[in-house]
Protein chains: 2
Amino acid sequence: MNRFLNVVGVADAVRESVKIAPATETETVPVEQSAGRALAAGIEADTDIPGFDRSVVDGYAVRSADTTGAGDALPALLPCVGRVAMGTSDRKLVVQDNECVYIPTGGVLPEGADAVVMVEYTDEAGDIILIKKPVSHGENVLLRDEDFKKGGIVLRPGRRLTPQDAGVLAACGCAMVTVAKKPVVGIISTGNELVPVTAIPGPGQVRDANASMLAAWLSEYGCIPRLYGIVKDEREAFEAIIFKALPECDVVLLSGGSSKDDRDITAGVIAGRGEVLVHGIAIAPGKPTIIGRIEGKPVFGLPGHPASAFVVLIAIVRPLLDRMLGLEKPLIRTVKANLEENIPSQRGREEYVRVRVENGKAIPQFGKSGLLNTLVSSDGLVCIPAGYEGLEKGREVEVILW
Amino acid sequence: MNRFLNVVGVADAVRESVKIAPATETETVPVEQSAGRALAAGIEADTDIPGFDRSVVDGYAVRSADTTGAGDALPALLPCVGRVAMGTSDRKLVVQDNECVYIPTGGVLPEGADAVVMVEYTDEAGDIILIKKPVSHGENVLLRDEDFKKGGIVLRPGRRLTPQDAGVLAACGCAMVTVAKKPVVGIISTGNELVPVTAIPGPGQVRDANASMLAAWLSEYGCIPRLYGIVKDEREAFEAIIFKALPECDVVLLSGGSSKDDRDITAGVIAGRGEVLVHGIAIAPGKPTIIGRIEGKPVFGLPGHPASAFVVLIAIVRPLLDRMLGLEKPLIRTVKANLEENIPSQRGREEYVRVRVENGKAIPQFGKSGLLNTLVSSDGLVCIPAGYEGLEKGREVEVILW
């Protein structure tokens, strides 16, 4: 094992990460539970939507020509010859010249009519309706297939479904929808200094915060985290738990172990039973990251510091998950803001600085990558590309929001 | 029942909506599943975090004074007198003047040392370590309680927990955390024109898209939707399903029924068995909305058009859900953008226009509120306040993102 890492750039690391993504699997879920999921196959309208010319207001179906010139002072007087009932189509209900028919919102426009006058612009005088405002051809009518045409493409594959999309799917007759399956991501915590969350840390010990953080992020991002607890830095125990996790998971994260010994064991186990593709990335924080593969499954060795692990999760692991999640674009939300302070950076590595966003300003939250409090006090990350020696105060930056 | 609605402003409607919010209930969930939930009670650190002075790098613990002036040409030569083991504290391991001790990342800083030199700036010559860069007091060390002090407030109640917060909670010994319970929201679809998603619509019929849309949104927003299917516009059947839903839900949404008859039945049932607080809101789309209460539970009559129902859900129902979800601020995400076109609006009502956001531009997606396709092609809503007669092209607006 080399004493120093053979560091690769972020773009190369991401390429390696995405390259080993297992193929996206699909599953079928109820449409009400589909929001946030990636659509696996395109959806076409199975019928015209709507399937008939529909009134979009409560009012009177008319021939628009009969309302020309109508006003408060001189309303058009049209006898009401019927009422449209909801949910049926009455072929015998016809609007002739100088007649009207009452129509509720959503009702089928009767034959002969070409527009609807809102009830607010009418008055009743017995069976005669006083129309006090003219309407034009098609006014207040949703035409057959105006929303979607039968056979037309409604939603494209890879789209992350919104709640409104769920409505569209329902309108297209999809009670169930095929989406990308949630990847199962195993989390194995390593490090002799780690104790479980429920333990009181003894001298030199810390609670395993990273596993909970990673699991919570993965859940929110649409994956299924699976926690395998803490293994001590003994190669046999380590291998045993990895080989327990591999068949149960699509991806395995080894949540370090911040020390070099831990990282060496991690790299040794991956190299011994699979292959190490990347060991060391030009990213700060997060340099001592490992990307590997065992039995065809991606295995990441994450750095031990919480902030480092989190940055690597977002910058390096996420693109692989995006691929597995079948997403056409990442779920990451960004916001533009202006830097409130200079951020120094080292040329040659991509640097991620935590920032708080306030009134359009990005306020750097500098701090050691071992700290959790800067993660909590910040709203997101600003990336300083490898070619820069820092960014200047006032510069507009894109903040990757948590 | 009045023929015309007695319209109130949006702010008043929201006030009525929030006023009838049932008290927030709490539940305890595993910390890994807590992201997105609102913290019910403040969290304090149960120990200092970290509980000891910790190295943040792999290197050599030293007395910083011994490194003064060290460089490549003239390194400080310090005999290495021991190694720090991870996860324990060795009281006998002491760094004296002109000595050093190997320390891995995360190790306990040994007595006598006040800084750590990164291994990258050292060389070995047998037992002698060549220190080629000076360090200052405290350098590369995370001090005891630097992250959080025992008894200090770590997270405040009402905070929507992030994945990083889950890490902090774990560090504070919380394997389980008490959060606001997810409100159960019943959805009853009404309207003689509606048929289930799985049916082929006959003449005059449409599939019930709104229920799926509402349920998907509610799930994503952290509620538990419960679907009660479609009831026809018959008062008895309607009442029966409402009284089935009320004991099972915290809030009930009546998903209209776009016609005036439907709305009248809805208002009649609420008024007959409870109270109607608001009937008609100065909002577009969404005017014919009902806010009521039956047996102490909020009951909303939503408009029938998908876009109208969605706007009312976000503008009027959401603030009530925020209260029940225990959130200190809404989950709504916004982005600033410049209007690509003029948006006309009617003074006296709050108007919501769907927009697509592209390269910092908000492009209005005009269309009848009966359309689903404008909801799908848009990324969010722009609100035009009641006091405006539209907004001009180029103006910076805040887009409420889906």
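This is a predicted model: local features need pLDDT of at least 70, side-chain atom pairs count only at pLDDT 80 or more; totals for chains, interfaces and linings use all residues.
In which handedness of crossing, left-handed or right-handed, does α3(B) pass α6(B)? The crossing is right-handed.

## Relation between the two copies

## The interface

The contact between the chains involves 78 residues of chain B and 78 residues of chain A. On the side of chain B that touches chain A, at least two residues are supplied by each of the helices α2 (163-171), α3, α5 (260-273), α6 and α7 (373-377), and by each of the strands β15 (206-207), β16 (224-231) and β22 (333-339). That side of chain B has 36 nonpolar, 28 polar and 14 charged residues.

Because 100% of the interface residues of chain B are also interface residues in chain A, the copies meet through the same surface.

## Helix pairs across the interface

Helix α3 (residues 209-220) of chain A packs with α2(B) at an angle of about 150 degrees, and their axes are 7 Å apart. An angle over 145 degrees counts as roughly antiparallel, which means that α3(A) is roughly antiparallel to α2(B). The crossing of α3(A) with α2(B) is right-handed. On the α3(A) side, the residues that meet α2(B) are Ala209(A), Asn210(A), Ser212(A), Met213(A), Ala216(A), Trp217(A) and Glu220(A). The residues of α2(B) that they meet include Pro163(B), Gln164(B), Val168(B) and Leu169(B). By class, the residues of this contact are 10 nonpolar, four polar and one charged.

Helix α2 (residues 163-171) of chain A and α3(B) have axes 7 Å apart and pack at an angle of about 150 degrees. This makes α2(A) roughly antiparallel to α3(B), and α2(A) passes α3(B) in a right-handed crossing. Among the residues that make the contact are Gly167(A), Ala170(A) and Ala171(A) of α2(A), together with Met213(B), Trp217(B) and Glu220(B) of α3(B). The residues of the contact of α2(A) with α3(B) comprise 10 nonpolar, four polar and one charged.

## A helix pair within chain B

Helix α3 (residues 209-220) of chain B also meets helix α6 (residues 306-325) of chain B, their axes coming within 10 Å and crossing at roughly 25 degrees. Since angles under 35 degrees count as roughly parallel, α3(B) is roughly parallel to α6(B). As stated at the outset, α3(B) passes α6(B) in a right-handed crossing.

From α3(B), the contact draws on Ala209(B), Asn210(B), Met213(B), Leu214(B) and Trp217(B), and from α6(B) on Pro306(B), Ala309(B), Phe310(B) and Leu313(B). These residues divide into eight nonpolar, one polar and no charged. Several members of the α3(B) set, including Ala209(B), Asn210(B), Met213(B) and Trp217(B), also take part in the contact with α2(A).

## Backbone features in loops

In chain A, the bond from Ala284(A) to Pro285(A) is cis, with omega near -5 degrees, and Pro285(A) lies in the loop between β19 (283-284) and β20 (290-294). In chain B, the bond from Ala284(B) to Pro285(B) is likewise cis, with omega near -5 degrees. Pro285(B) is placed in the loop between β19 (283-284) and β20 (290-294) of chain B.

Asp145(B) has phi near 65 degrees, a positive value in a residue other than glycine. The loop that holds Asp145(B) runs between β10 (141-142) and β11 (153-155) of chain B.

Note on methods. Residues are numbered from 1 along each chain as its sequence is written. Chains are lettered from A and ligands numbered from 1 in the order in which they are written. Axes are lines fitted to C-alpha atoms, for helices over the stretch in contact, and angles run from 0 to 180 degrees between N-to-C directions. Helices (H or I, at least four residues) and strands (E, at least two) are DSSP runs, numbered from the N terminus. Angles under 35 degrees count as roughly parallel, over 145 as roughly antiparallel, 65 to 115 as roughly perpendicular and the rest as oblique. A crossing is left-handed if the near helix is turned anticlockwise from the far one by less than a right angle, and right-handed if clockwise. Two residues are in contact if their C-beta atoms, placed from the backbone, lie within 7 Å. Ala, Val, Leu, Ile, Met, Phe, Trp, Tyr, Cys and Pro count as nonpolar, Asp, Glu, Lys and Arg as charged, and the others, Gly among them, as polar.
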